[in-house]
Amino acid sequence: MKGSIAAAVVLFSVLFVGSASEPKDRNSYCMPNQACWPTEDELKTFSSGLDGEVITPSSPRYDNESLINNRRFILQPGLIVEVASAEDVVSSLGFAREHNIRVTVISTGHDYDARNSGDGTLQISLKQMKRMSVVDGEGNTAFIRVETGLTWGEVHLFLYRTRPDKIAVGGADLSVGVGGWVLGGGHSPFSSMAGLGVDSVVSFDVALADGTIISASNSENQEIFWALRGGGGGTFGVVLNITFVLHDNPGPIQLLFQSFPINDVGFQALTVFEEWLSSASSNISGYLTMVSFPPGFSWILIHRGTYEDALRVVKPLLELSPPPTIVNCTDAYCYFPYAASDTGGYSIYTFNTFLGDDNLRDGALQKAYEYITKAPPLESVRVCSGTILGGATATAVKASGATAVHPGFRNARVSLTCGPVWDYQGDFSTVIEMADDFAPSIYEFGDGKYFNEPQSNLENWQTGFWGDKETYDRLLKVKNDVDPDYLFNCHHCVGDHCLALESSVLILFFLYLCALSI
């Protein structure tokens with residue numbers, strides 16, 4: 001109680017007496033065309049001190065560079081700073097602080113909820129920061145240090161050429177960036193073998209809002225390290241480098257491909273698959289896809305082990321018609337030529353949940369099938385995509401240490417994401433409404449939601465992404481410690497609720513609640 005009273009006194013002093021660090025609402029950031037916006041001379045001085053480049057709305061590159069993959073969002077950052085070094089990042093943060101400009105951070109442009117951009121923001125683009133190196137540790141241990149402008153395709157290819165005896169637990173989509181992927185938790189085609197992406201992180205180098213660069217690991221800045229492993233990107237700072245532990249290439253794998261039409265025969269195949277998957281070997285991983293047009297569903301399974309073992313493990317699927325195609329490979333890198341790359345250029349609205357084995361036995365994938373087979377508006381296609389997890393997804397945390405990811409992520413056999421997709425502009429509010437209406441029937445099966453594949457209109461997003469209130473409060477304390485002035489802020493990121501309302505009375509109330517979390 002004394003802490004609550006003290007927090008209230010501090011808050012009221014800030015609001016009504018004044019302070020050098022007054023709390024801000026969404027309208028308090030400086031925006032283009034306001035008197036506070038930097039002048040041309042100030043921009044030139046700032047730009048001249050960078051190794052990288054400042055891209056303004058008048059630049060010929062602006063229209064292309066301001067696009068993100070999800071065309072549902074057409075946003076206009078006030079400035080795009082294409083940084084080339086850590087020093088550029090620090091300078092950009094200083095410039096944003098000086099002019100009170102909100103900061104967003106982008107690398108590859110993958111973001112279903114446009115957290116990496118925003119109207120009038122100073123957008124730090126990391127895509128030129130692509131250095132990486134492998135460092136050998138004791139015995140057979142090896143690590144890879146990567147800058148956050150890299151894609152997982154670039155990292156996988158580098159390792160294949162230089163250290164094919166090792167693999168990184170990274171994204172399957174070769175166009176996904178390493179940074180945002182791991183900050184949200186990061187699922188991988190090898191999660192059942194070695195856990196989530198966050199479980200392989202050894203350390204982060206991070207530029208904080210005040211311009212300091214710190215290292216965070218299990219031995220220093222532990223709270224920040226914990227928060228960055230699953231607390232989501234865009235809100236704690238700019239991650240510059242990440243060091244991952246590498247894992248032994250598991251050797252022989254088999255890829256199993258199987259496709260079915262949307263009809264009674266296909267539905268029966270799905271029920272067999274769902275029952276089989278609910279008790280499948282921890283040596284299995286892969287992906288399931290359902291599409292409304294052209295209608296059908298398919299899966300690609302990855303089995304680690306011998307060909308003979310694979311035939312035994314997937315025996316129920318061999319009896320389905322049509323039978324699967326099986327590719328026998330000598331090592332894990334065989335999978336990546338078959339991996340799809342989502343390079344964007346279309347609009348998508350997503351909703352996600354984590355499904356455990358019991359949820360599969362209860363028919364969760366059949367409910368996803370129902371979503372696909374509902375008659376869609378002609379303007380959109382419905383898609384559901386499932387990442388097959390299990391195995392070390394649940395157990396790797398024992399070695400890696402606690403992370404901020406939702407407990408449901410740990411216990412998941414499948415991370416299921418569904419939603420409509422369309423490829424041109426227009427009013428798609430009805431399509432989104434229909435997705436929002438259907439999402440709760442999927443959520444009834446699952447436990448938690450994936451921060452990286454979110455529903456934009458998700459209610460109770462704090463507990464949806466991170467589980468119990470205590471976890472969110474802990475994340476919020478880290479946020480308030482490292483970015484008390486909210487230089488970073490994004491939709492449904494940690495701390496977003498503190499700036500969500502414009503009414504002065506409601507701002508007062510919510511800022512009071514945020515202060516109690518400090």
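What share of the contacts in the protein chain with a separation of 6 or more comes from residues 24 or more positions apart? In this predicted model, such residues account for 74% of those contacts.

**Overall fold**

The protein chain contains 20 helices and 19 strands. A compact globule of 518 residues would have a radius of gyration near 24 Å, and the 23 Å found for the protein chain agrees with this. The C-alpha trace spans about 75 × 55 × 55 Å along its principal axes.

**Surface and charge**

| Property of the protein chain | Value |
|---|---|
| Buried residues | 56% of the 518 residues |
| Accessible surface | about 21200 Å² |
| Part of the accessible surface belonging to carbon and sulfur atoms | 53% |
| Positive side chains | 33 side chains |
| Negative side chains | 58 side chains |
| Distance between the centres of the two charge sets | 4 Å |

One residue is described here in detail. Glu65 lies in helix 3, which covers residues 62-65. Is Glu65 buried or exposed? Its relative accessibility is 15%, and because buried means under 20%, Glu65 counts as buried.

Which residues does Glu65 contact, leaving aside its neighbours within four places in sequence? They are Ile55, Ile80, Glu82, Gln123 and Lys127. With Lys127 there is also a polar contact, made between the side chains of Glu65 and Lys127 at 2.7 Å.

Technical notes: Residues numbered from 1 in each chain as written. Predicted model: local features only at pLDDT ≥ 70, side-chain atom pairs only at ≥ 80, totals over all residues. Heavy atoms only, no water. Helix = DSSP H or I, 4+ residues; strand = E, 2+ residues; numbered from the N terminus. Rg over C-alpha atoms; globule rule 2.2 N^0.38 Å. Buried < 20%, exposed > 50% of the residue type's maximum accessible area, 1.4 Å probe, protein only. Contact = heavy atoms within 4.5 Å. Areas by Shrake-Rupley, 256 points an atom, 1.4 Å probe, with all protein chains shown as cover. Lys, Arg positive; Asp, Glu negative; His and termini not counted. Charge placed at Lys NZ, Arg CZ, Asp CG, Glu CD. Polar contact = N/O pair within 3.5 Å; in protein donor to acceptor, adjacent residues only side chain to side chain.
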